[in-house]
There are 2 protein chains.
Amino acid sequence: MKYEDYVHIGYKPSKSDLICEFYMEPSKGVPLKRAMGAIAAESSTGTWTELTTVKPYMKKLAATVFEMQKTKRGAYIRIAYPIELFEPGNMPNILSSVAGNIFGMKDLKYLRMEDIILPKRIATSFKGPKYGIKGVRKIFRKKTPLIGTIVKPKLGLKSKDHAKVAYEAWVGGCDIVKDDENLSSQSFNRFSQRLRTTLRYKRKAEKETGERKGYMINVTAETMEMLKRKDLVADFGNEYIMIDIITEGWGALQTLRDKSRSRVIHAHRAGHAAFTKIKYHGIAMPVICTIARTIGVDQIHVGTAVGKMIEGKKEVLENVDACKRKYYNIKPVMPVASGGLNPNHVPALHKIFGNDVIIQMGGGIHGHPKGTRAGAKAARDAIDAVMQGIPLKEYPSKELQMAIKRWG
Amino acid sequence: MKYEDYVHIGYKPSKSDLICEFYMEPSKGVPLKRAMGAIAAESSTGTWTELTTVKPYMKKLAATVFEMQKTKRGAYIRIAYPIELFEPGNMPNILSSVAGNIFGMKDLKYLRMEDIILPKRIATSFKGPKYGIKGVRKIFRKKTPLIGTIVKPKLGLKSKDHAKVAYEAWVGGCDIVKDDENLSSQSFNRFSQRLRTTLRYKRKAEKETGERKGYMINVTAETMEMLKRKDLVADFGNEYIMIDIITEGWGALQTLRDKSRSRVIHAHRAGHAAFTKIKYHGIAMPVICTIARTIGVDQIHVGTAVGKMIEGKKEVLENVDACKRKYYNIKPVMPVASGGLNPNHVPALHKIFGNDVIIQMGGGIHGHPKGTRAGAKAARDAIDAVMQGIPLKEYPSKELQMAIKRWG
């Protein structure tokens, strides 16, 4: 089969097909049809030349470009992949096909994977989220946005100082405290010591506030070490673990979900923007949300639209949609807004996300002029103000008013 | 500390620092110094606002921008990271710092990680390659480039047909046969069946040719399943395993190396071009080579400069340099050229790579007019011709002459 033979615009995919949407631009001098076909060929059964080793029984395995919408420089296309191409329950295998060699082909100037829809039999061969939005809500018994913080400075605090910052945040009003993405088990703050100490302060905070508090401790490491840390977290009875899904990788994330019977899994996406940022090449964030949801994380960072990170409102809403859209019996994932946020952002965030969101502020809490506890109170008060329909500036909270003055 | 405080051009890094080189462009309106500092801050201890929780003892942990070379639109910079920032033996952790959030910061228009140099104490906390170039050479007892093929079509052959294609390639002259990156354990070609059958044909080929032959079988899967497959390969006494390092991920790759005492590990890089292709953003391939070498793969795909994939000679040589440059006591990794190659490319490849390379041809062998065996002979003859300094067109091999006619 030639590349062009993989293109049949108007072909009706089977219900069991895996569907991918791509944006593509052909390289100079390469006809559009050839370039489109090259994607479907290389990601299924084809290569650059005619082979002598093809068997008649394998014809049904070819992928098909079945939709195309031309743009000025290229096209949006949809490709249908027969389900037999993939090994159920093996995400690295699936991605090696549909998000593998194709990004580096000479025939293509740019290629961006925009979306992926797994057929039911493949999607449900993974575990999916154990908790998802409803499960997370049950833990905290709240219907409003949850408020979280990241212990800051992101690296460098000793275990006890780390735990004290967490305590101040919880007592001030945070529901959740998390490690930052690059904290794992450094010499100044060993994992087991941090877990032990921070949980002691968590219990203290729960007692003093009468509220449930969450601690998302970062278990990112080589798979076996990661599992040991996960087990230690379970031994200590903590609900949450957190994992850097991109730098950890899909093979180990599957393992974490498989072996984790009852931890809530929080997914940090550090590193994603190396391939999500350029709008015409790479992999779009909704694809990452879908893969992570399929494997089974319960919460995932989806951008803020208003903080220190890229991604405007449109992109963030697309990410949220991937977390929450109808997806067989697979639970929706709780979206997390994190990165450069402070209490002033809360009304805008609530407009974008509604109630189903964890709003995380790091610097926006620990940078409060009166310190972490006041910062946490300001953040919590901002949520209360929004839920009551009161403009932030009119809300009777001196901590919130100071935060407005500092960053408003 | 403000972002700008992370910049000290002229600062002399400590020998124990981890060094990264980046290309960066600030976003519109953001001063260069602020943007450079933002990278060092976010990837070490800083954030977007002043914190109340900083402790005096952690000041020594800040990363420092110590070199800068301005370009028209931005700058090449080098950043020194104190070793204490990282957990030895934890690659995902290291990458979450130096290749994490920074790609998505609003202050930066583009950011590309160009190189990474791990200090000795971190680099040697990983296993490194067990075999490397010398070890691979020992297996095949050859000093010339090794010739390999990928069983094609890349997906769809039943186990027995797969094994027969491998057999034809070995008998024709290939040293090595490998699975393609998206073949794992599909219903038409189960892993254990393929392993069993292909190894039977490998033994037959070894007996008939009197040569050692290699079979690189793809173990890419969820970590535990991957380890099971690795064990099965060991039980069958096969030297090689192959892994898709990008879609599998670093956590699981470390596990594979840790648990693999004596398999040769072949690294396929399917998916890399999602973040390596755009020259001004993402992560450059030499970084990937260095990370994979540090963890301990023995062979890795580095591009071809002449085949169906992107990457010119300059890029390929940079990748090769990362595989072979002096790196404490860590062995050099065997570079693999693969992607759209046929026998006509051999002289050019030899000029680029020298003898230390595995030249893989898929379509360029199985697309030979007379079939796989003749294709393999043509490929092998092309190597022989180059080693003897004879132009391909003058080499007395009808298989090679047919290949020249087909693709020359």
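**The sheet of chain B and the two copies**

Two bridges join strand E4 (residues 108-117) of chain B to E10(B) in this predicted model, and the two strands run parallel.

Me: Which residue in E10(B) stands opposite Arg112(B)?

Reply: Strands E4 and E10 of chain B are joined by two bridges. Across this pairing, the residue in E10(B) that faces Arg112(B) is Gly282(B).

Me: Which helix packs on the sheet and touches E4 and E10 of chain B?

Reply: The direction of this helix makes about 40 degrees with that of E4(B). Comprising residues 285-295 of chain B, the helix is H11.

Me: Which strands of chain B stand at the edges of the sheet?

Reply: The open sheet has five strands in the order E2-E3-E1-E4-E10 (chain B), with mixed pairing. Each edge strand has a single partner strand, so one side of each is left without a neighbour in the sheet. The edge strands of chain B are E2 (64-70) and E10 (282-283).

Me: At about what angle to E1(B) does helix H2 of chain B run?

Reply: Helix H2 (residues 91-98) of chain B lies across strand E1 (18-26), strand E3 (75-81) and E4. Relative to E1(B), its angle is about 35 degrees.

Me: What kind of axis relates the two copies?

Reply: Chain A is laid on chain B by a turn of 180 degrees and a shift of 0.0 Å along the axis, with an RMSD of 0.0 Å. The copies are therefore related as by a two-fold rotation axis.

Me: Which residue of chain A has the C-alpha nearest the axis?

Reply: The C-alpha in question lies 1.8 Å from the axis. It belongs to Gly249(A).

Conventions: Residues numbered from 1 in each chain as written. Chains lettered and ligands numbered in written order. Predicted model: local features only at pLDDT ≥ 70, side-chain atom pairs only at ≥ 80, totals over all residues. Heavy atoms only, no water. Pairing = 2+ DSSP bridges. Helix = DSSP H or I, 4+ residues; strand = E, 2+ residues; numbered from the N terminus. Contact = heavy atoms within 4.5 Å. Axes fitted to C-alpha atoms, helices over the stretch in contact; angles between N-to-C directions. Least-squares fit on C-alpha atoms with pLDDT ≥ 70 in both.
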